[in-house]
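Here is a short briefing for a first look. Start with the sequence and the structure below.

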Amino acid sequence: MVEIIGYIATFLVMLSFMMKNVTRLRIINAIGCATWILYGFMLDSNPIIVTNVGILAINSGHYLEII
């Protein structure tokens, strides 16, 4: 089950980079980051958690500028 969460997170982040619309890219990438954070907690891996919290914050900040 844990690996499936990791694969879903990977898929979402990869999918986000295929978006031409920047807003959609930010939203899908943010969902991917949130999934990575969940995965990091499941593995008790602080580097995964910290990195993706940072990226999620960046995505959120850019998204709030867009709207």
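The buried residues of helix 3 pack against helix 2. This is a predicted model, in which local features need pLDDT of at least 70 and side-chain atom pairs count only at pLDDT 80 or more, while totals for chains, interfaces and linings use all residues. Residues are numbered from 1 along each chain as its sequence is written, and side-chain values use heavy atoms, with hydrogens and water left out.

**Terms**

- Helices (H or I, at least four residues) and strands (E, at least two) are DSSP runs, numbered from the N terminus.
- Buried means under 20% relative accessible area, exposed means over 50%, and partly exposed lies in between (1.4 Å probe, protein chains only).
- Contact means heavy atoms within 4.5 Å.

**The whole chain**

- The protein chain holds 3 helices and 0 strands. From the N terminus on, its elements run α-α-α.
- The radius of gyration, taken over C-alpha atoms, is compared with a globule rule of 2.2 Å times the number of residues to the power 0.38. A compact globule of 67 residues would come near 11 Å, and the protein chain has 12 Å, which agrees.
- Along the principal axes, the C-alpha atoms fill a box of roughly 35 × 20 × 15 Å.
- Of the 67 residues in the protein chain, 30% are buried.
- Among contacts with a separation of 6 or more, 46% join residues 24 or more positions apart.
- The accessible surface of the protein chain is about 4,600 Å², and carbon and sulfur atoms own 71% of that. Such areas come from the Shrake-Rupley method with a 1.4 Å probe.

**Helix 3**

- Helix 3 has 21 residues and reaches 30 Å from its first C-alpha to its last, close to the 30 Å expected at 1.5 Å a residue. The expected span is 1.5 Å times one less than the number of residues.
- Ile49, Asn52 and Asn59 are buried in helix 3. Seen down the axis of helix 3, its buried residues fall within an arc of 100 degrees, so they line one face. That arc is taken from the directions from the helix axis to the C-beta atoms.
- The face turned away from the buried side of helix 3 carries exposed residues, including Pro47, Ile58 and Glu65.

**Helix 2**

- The 22 residues of helix 2 should span 32 Å at 1.5 Å a residue, and its end C-alpha atoms are 31 Å apart, which agrees.
- Buried residues of helix 2 include Leu25, Ala30, Cys33, Ile37 and Tyr39. The buried residues of helix 2 pack against helix 1 (2–16) and helix 3 (46–66).
- Asn21 caps the N-terminal end of helix 2, with a side-chain oxygen 2.8 Å from the backbone nitrogen of Thr23. A polar contact is a pair of N or O atoms within 3.5 Å; within protein, one must be able to donate a hydrogen and the other to accept it, and residues adjacent in sequence count only if both atoms are side-chain atoms.
- Just after helix 2, Asp44 takes a positive phi of about 55 degrees.

- Ile28 lies in helix 2 (residues 22–43). Ile28 is buried, at 16% relative accessible area.
- Beyond its neighbours within four places in sequence, Ile28 is in contact with Leu12, Leu15, Ser16 and Met19.
- Thr35 also has its place in helix 2. Thr35 is buried, at 14% relative accessible area.
- The side chain of Thr35 reaches the backbone oxygen of Ile31 at 2.8 Å.
- Beyond its neighbours within four places in sequence, Thr35 is in contact with Ile5, Ile8, Ala9 and Leu12.
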